[in-house]
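Visitor: I am new to this structure and would like a short tour. Could you show it to me?

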Amino acid sequence: MEISRFGLLVFTIAILASPALSDLVLSKVDRRIYLTSQIVRISSTLKVENAGSEMVSEVLLAFPELQAKNLAYLMAAQHEGKGKAKNSVVALSVEVASPKDMPPALTFYSVSLPKGLAEGDSFTFDVLAVYTHALQPIPEQITQADIQLVVYQESAYYLSPYVVRVQSLSIKLPDSRIESYTKLENTKIHGSEIKYGPYENLPTFSYSPIVVHFESNQPFAVAQELVREIEVSHWGNVQVTEHYKLVHGGARSKGEFSRLDFQARPNLRGASAFRYLVANLPPRAHSVYYRDEIGNISTSYLWGDSKKTELLIEPRYPMFGGWKTAFTIGYGLPLQDFLYKSEGKRFLNITFSTPMVELIIDTLIVKVVLPEGSSDISVSAPFPVKQWQETKISHLDIDGRPVVVLEKTNVVPEHNQYFQVYYKFNKLSMLREPLMLISGFFFLFVACIVYMHADISISKSSASYLAKQQWEEVQGAIQQVQNIMSRCLTTHDKLEASLRDLSRTGDVQACKAARKAADGLLKELSKELKPLLTFLHSSPSAAQILPKVEELVAKERELQEKVMAKHSTVVDGYEKKSGARDIENRVALQQQKLTALRQEVDNLLEFIDEI
């Protein structure tokens, strides 16, 4: 956790030896650092004065190498003061600068002023700097029961190539639990906020290192890669599909994970994990889905109003430090809300980044799929992005659809701004697909007419026809047996779910009610199964597959007995108020047998299905 004293000393000596750039003076600097999430935001208000005789039109901002490599977003705007409307803020141009005779350990940005400052003039503006991966977990590895502690390094003095007359710094933390922090002159702490200063009359490039070590159990959700596909259809829809490769970027988890402990005491036995993510989708979003490689994930909640649609999703398992997951969300949007016309062109106006709240994206790839036949394509983005074009072949396409690909690294929520894709499109091109469909249906109807008038039937009195008919009857009976077995397995799963609910709520009566309902359903399924087995015994065509069917039925009944036994053991334990660990030990052997039997039943079902 400690900073290298030698490294700081060398850095300080190097910058103090650098000359001032101009006669500008920062008469007042007010910095506010927000560490309330994994994304570090520094909001600074700078009042600059021209103490020289020459006109000045730009102000330089200096960043140490440690900060510059994590800088994701930088914005400057004219300070409007309190009570002014947010839409009245005037953004200022910010560009990378390379002033001469400056220390190589610093990165400079130039802020262009709206008008030059003459001698004695002053100007006040705000600067927002957003950083990713600026919080370092200390310790780097923690157990399931530990809280997450992180370290942030900064300078109590504002690092600037100009003299600073008065400055102050406040650091806002997630809560008031602070392990340690650097104490300097004029340092105060109020709950979850640390204040440094005010400090007066500081020379150029003043630097005073501070370290804050504090608790932060906020979601450290990092998308190592996000591929966002936006497909435009002129038939009235914009389809958005987002593929996430997510990792918990906080302190890595060590030791064993106990789901039972997590469900019983999530705030104590999983404080550093995050269990859900929130996405603020555009208003009127529809057809929303959330799935991964296994299939649809049901743990999602959707609600909305006229301003937004909020989607809350839960991964299949709680995300601890270093754990990874991959999933996809998709939704449709009304075309008229995002597609416009201007000067003979159409243009798509849509947000660039993810709708996920407080998500860091290491690499973001945005693919805009335009309708087939689009031409003269151009992109207007509010910040630099790498871009190229591809082609996507979809259903009913002839030449393929043009795809505009935009890529950006180190993306934060502030990048979720609107961008535009301009293109030309001939309305006649929309007739391609309908004409292809009409032609396809026409040839299909012709083929059906030919088929209906051709006599290709087999005599119903032939031996092959009778054998085929008998085998179809056997197949139908076997399919019904498979359906009954699947319903039995579903009932077993519901019983297992009632045990999980019991461990979470302790409601024994609800668990017993689930058992009673399962008993009744299994008896009904057993009655449905008897005539099917009788038919298969009497049919010669079923002789080959009958042994496997009988084995499947026997294994399912054995599995049913084991499930009921486990259920009774757990319920009995809760009624006797046994500990969760004791109950888990008592059913451990039963669970092993259940798992093995379930695998055997699944294998038999798969074998019979292939036959």
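Visitor: How many disulfides are there?

Guide: The count comes to zero disulfides, a disulfide being a pair of cysteine sulfur atoms within 2.5 Å. Please note that this is a predicted model, in which local features need pLDDT of at least 70 and side-chain atom pairs count only at pLDDT 80 or more, while totals for chains, interfaces and linings use all residues. Residues are numbered from 1 along each chain as its sequence is written, and side-chain values use heavy atoms, with hydrogens and water left out.

Visitor: Where is the confidence lowest, and where is it highest?

Guide: The mean is lowest in helix 1 (residues 5-16), at 40, and highest in strand 27 (residues 360-369), at 97. These values are pLDDT, the predictor's confidence in each residue, from 0 to 100. Helices (H or I, at least four residues) and strands (E, at least two) are DSSP runs, numbered from the N terminus. The protein averages a pLDDT of 86, and 92% of the residues score at least 70.

Visitor: Over which residues does pLDDT stay under 50?

Guide: That applies to residues 1-19, for which the model has 31 contacts beyond four places in sequence. A contact means heavy atoms within 4.5 Å.

Visitor: Changing topic, how many aromatic pairs are there?

Guide: The count comes to 15 aromatic pairs. Rings of Phe, Tyr and Trp (its six-membered ring) pair if their centres lie within 6.5 Å; planes under 30 degrees apart count as stacked, over 60 as edge-to-face and the rest as tilted. One of the pairs is Tyr 244 with Phe 327, whose centres are 5.0 Å apart and whose planes meet at 20 degrees, so this pair is stacked.

Visitor: Where do Tyr 244 and Phe 327 lie?

Guide: Tyr 244 is in strand 18 (residues 237-248) and Phe 327 in strand 24 (residues 324-334), so the pair ties together parts that are 83 residues apart in sequence. Both Tyr 244 and Phe 327 are buried.

Visitor: What about Phe 442 and Phe 443?

Guide: Phe 442 and Phe 443 form an edge-to-face pair, at 5.5 Å centre to centre with 70 degrees between the planes. Phe 443 counts as exposed, at 57% relative accessibility.

Visitor: Which residues form an aromatic cluster?

Guide: One cluster is formed by Phe 257, Tyr 317, Phe 320 and Trp 323.

Visitor: And how many salt bridges does the structure hold?

Guide: The structure holds 29 salt bridges. A salt bridge is a side-chain nitrogen of Lys or Arg within 4 Å of a carboxyl oxygen of Asp or Glu. In one of them, Glu 215 pairs with Arg 177, and the closest N and O atoms are 3.6 Å apart. This pair links distant parts of the chain, 38 residues apart: Glu 215 is in strand 16 (residues 209-215), and Arg 177 is in the loop between strand 12 (163-172) and strand 13 (178-181).

Visitor: Is Glu 215 buried or exposed?

Guide: Glu 215 counts as buried, at 11% relative accessibility, whereas Arg 177 is partly exposed, at 42%.

Visitor: What links Arg 515 and Asp 519?

Guide: Arg 515 and Asp 519 form a salt bridge, with the closest N and O atoms 3.4 Å apart. Both lie in helix 6 (residues 508-538), four residues apart, about one turn of the helix. Asp 519 is partly exposed, with 28% relative accessibility.

Visitor: Which residues are linked in a network of salt bridges?

Guide: Glu 229, Glu 231, Lys 392 and Arg 401 are linked in such a network.

Visitor: Finally, where is Ser 353?

Guide: Ser 353 lies in the loop between strand 26 and strand 27. Ser 353 is buried, with a relative accessible area of 2%. Not counting residues up to four places away in sequence, Ser 353 touches Arg 228, Ile 361, Leu 364, Val 411, His 415 and Asn 416.

Definitions and conventions. Buried means under 20% relative accessible area, exposed over 50%, partly exposed in between (1.4 Å probe, protein chains only).
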